Amino acid sequence: MASTAHDQDTGDQVTLVCSGSDPDEKPDDIVDEIIISTAEIGSWDLPSVLTHKIIIIEASSHRLIEESSYFRGLLGGSFSESRLSSISIRWNVESFVNVLMVVFGFDVEISSDNFVPLNEAALFFGVDSLLCKCRVWLEEVTSFRGIQSPQLCLDGLVHIWKYGLEHANDFILQLCTSYLAMNFMWALSFNSYIDVPDKLLYSCIQHPDLTVDSEKHLCEAILVFLNANTAKSEGLNSSDLCDKIRTSLLPLWYTLGKRRCGFFSKFADKATSTILSLARYPSTNSTDVFRGCDLSQLRIRLTKYTQKVDVSSCPQITSGLFLLSALPSCETDSMLRKIINKASMNIGESSFQISDAVCQNLSFEAVQELDISNCPSLSLESAIDCFCKLFPSLRTLRAAYYLNFKTRKLRQLVQKLPLLANIDLSLDIKPVIPAQVSIAVSSSVLIPESSTAPLSYRSKPLVSNIIRLTLEGRTDLSDSDLRIISEVCCSLSYVNIKGCTSVTDHGISEMILKCKRLKSILACDTSFGNGSVVAFSSSISTETEQSENNPQLMAFKLLTLHVGGCHGITGKILSELMSRADNLKSLCVRDLKLVDDALYRFSGVSLEMLDVSNTEVSFAALSRIIRRNPDLKSLKTRGCIHLLRQESETKERKLFNPLYTPEEIYSELGKSCKLEEIELGWGFSFFSLEALKPAMRTLRTLLVGLGGSLGPDGLKLLPAICPLLETLILFFQVISDSAITDIINTLPHLQSLALCYCLGGISPLSFKFRMPNLRNLKLERVTPWMTNGELATLAENCANLVTLSLIGCILLDSEAQAIISSGWPGLTFLHLEECGKITANGVRSLLDCHALEDLVLRHTGPGIPRNFITHASSKLPMLRKISLDICDAREADFDVPTFVDRCFLSTLKIARCNLRKNTLDFHHVEAHRTPVHKETLIMVWNSKKLVTTVVKERV
């Protein structure tokens, strides 16, 4: 809004001739100028005015003297210019025009693009009102967080900071540094992050309001910056930045993996020692920590701006460390420190009572998401009392791999954290799925109840906000638990009970009937059956008439249905459900029979994910789904042998007349869909790949299994067809050195590579190139030539692996252990099978991979000691799963750990073989006995009992 003051400026007029500030600019033969007057400033056409190189402005000298100290001294003082009627101004034309707009009472739009020239012009011409506007604008935009401030991007922020540094403007420097510190996670999303000046980054990291989701994010940000700026950094040593990382709060696997990083190795070594010490003796060290003087390295970064806290995969984390992190500082409140110290000595991670008075000033209202998954030293039940006071606004809790948390405690959890909307309590899917194995013997033993004090709760009616609940893999989940869930979580719209083998169809159907808002259910490998399907066909309102197209039916509102491996569902009942589930976006019916009719009855057009792996689905039924659902992003058809046939038998199939060949259907899929994930097998060929080209430009994951054939030519085309590919898994494919080399060299985003049982063979040449982004590698029955030396070369070129699987590397010996532990110290998963004599002399160096969570050693040499399971569990704080073979036992057997000795272990598998004679060799019978699998002993612990099962299969 313009001020009317300029209408009263009737004093002497002065002519301002403004031209560009570039002294090297050559004058044109034709003068490009325009004459305007401040008397008509409200009608200036600025875009048109600014196209001219010279602007002649008739302005009121009185107004200029009044609003600008520059013109006050020039026109009102003793300078010779005060007697002139024309003044030449050499300044940026746009900036000067904006200055005049403010001088004569009009607003100007300030942005990160023009802040610096406007502020500079305001300083030069002494326009205090514009300086004030610039100051207010910068204060406002830096008061927002991250993407909430669209007026400010990282490049603009850095530009303003550099201007402040150049002019020694502490106000600008402080605001920019504070804003970057509060929004550090936002800054990391910009490619230009690595171009942030050293001094700005250092000041930001030292700022008390530095806000990050986790210490790992900060560490990775610093290492990325140092790697990109090592050559050009001036005056800042890498240690200056690395010293600011609280390395004792990093995930164990991450710290171990960085021991090979040049300028960070000494920090990683020290951090690893501290983390392992805290993880092995959590209660003792927690007490010692509070008695120490310097607690900064153990304080989780919590500020009033923190919205997400991620301490996942940190075995050193305890409730005491959360309380320590909430303290204002180490020394400010000695009384509070004593109270917390006393609490930490008494809790023992079992009873954690904190008075309201102590926690009044320890609350972080902004925190909405907390990830404490895979923290074995943290007792979830005892930590809830801590979290409800520290994070009263918590809405998302991710707490995976807490074996001892009983599902019946969900009521208390929800009561203490009433705003929770999303809870993840998932565990590993257990290997004993009744429909997938042949059970010979099974027994169970109840686990003794611990002395953990129960969570107290009041009996008043519970109002829950839970919308999403993930209980995947919880074999202790029972029908009574489902009843509690349906009572507590009335607003539930998403539930994941995948692998929960103890619940029945009746229990699931009861939950569905009570949770009327349920739109997504993931129930693969459970007893989900006809009763649960019928429950979805019920009406939300009991008074509503049942009809197929009734929008009040729960099936009509269903968005996600994952029932793979649920053999209690009959084809007819499934077809009835599919005929009503028009809004489905994600469907998994893997391992089921009679899915064709169900797909024909499905009339939805919004499907984004379809998994029909290992079914008898026909190509005709699949092609119908593809044509009707152009938004399909994920398609899984691996193991569908009937895709080779097009004939139809049922009435529904006869109604559909296929008009396309398989290649034409793939071509239509390619034209209409933008795939991100695809798993293929029977019926897929090189020609199908050609047809799919357009759809695979956005592909992230590709799996080709038995029956599919990419061929060498197809493999060579992958980098050009799928430039964004991150995961490539090949089973039974023909591969070659040249094809694998092309993939390694031309897929920069590749993170996971699996070559399993492939033909054609590859040589060490395939892995002579560096793959720094590769995180997961499986080489199963494809590298029989691998020696210790070639394994060392692989470790050098694939230095950042987190998971490794080697099968059939028969030339490896015990020295390979040291190569693996030194080359990949941060491994979380290691699978060695049929790998020569790696464990012939015992297992030593492998246990230096302290972050291992899953360890498989089978047919690797008969030197594994009897007490290995207990020993490994005590040495590896993250270890949850072990798989061994009696053939490798030094004393022909292994000791099974007690409940206490198992530590974090939840699944133990021990395979047993019989020795079969080679019937073709009659002279060397003993020398040619071949081990043949007989059975597998599986021990699975949950929160209630130990289940021991013997199955015929090797799992």
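Biologist: What share of the contacts with a separation of 6 or more comes from residues 24 or more positions apart?
Modeller: In this predicted model, such residues account for 73% of those contacts in the chain.

Biologist: What makes the Trp91 and Phe125 rings an aromatic pair, and why is the pair called edge-to-face?
Modeller: Their centres lie 5.3 Å apart, and the cut-off is 6.5 Å. The planes make an angle of 70°.

Biologist: Which residues form a cluster through ring pairs?
Modeller: Tyr70, Phe71, Trp91, Phe96, Phe124 and Phe125.

Biologist: Why is Phe687 called exposed?
Modeller: Its relative accessibility is 58%. Exposed means over 50%, so Phe687 qualifies.

Biologist: And why is Phe686 called partly exposed?
Modeller: Its relative accessible area is 24%. Buried needs under 20% and exposed needs over 50%, so Phe686 falls in between.

Biologist: How do you know that Phe686 and Phe687 are edge-to-face?
Modeller: The angle between their planes is 70°, and the class starts over 60 degrees. Their centres are 5.9 Å apart, within the 6.5 Å limit.

Biologist: Which ring does Arg135 lie over, and which does Arg638?
Modeller: Arg135 lies over the face of Phe171, 3.7 Å from the ring centre. Arg638 lies over the face of Phe731, at 4.3 Å. The distance cut-off is 6 Å, and both values are within it.

Conventions:
Residues numbered from 1 in each chain as written. Predicted model: local features only at pLDDT ≥ 70, side-chain atom pairs only at ≥ 80, totals over all residues. Heavy atoms only, no water. Contact = heavy atoms within 4.5 Å. Phe/Tyr/Trp six-rings, centres within 6.5 Å; stacked < 30°, edge-to-face > 60°. Buried < 20%, exposed > 50% of the residue type's maximum accessible area, 1.4 Å probe, protein only. Lys NZ or Arg CZ within 6 Å of the ring centre and 35° of its normal.
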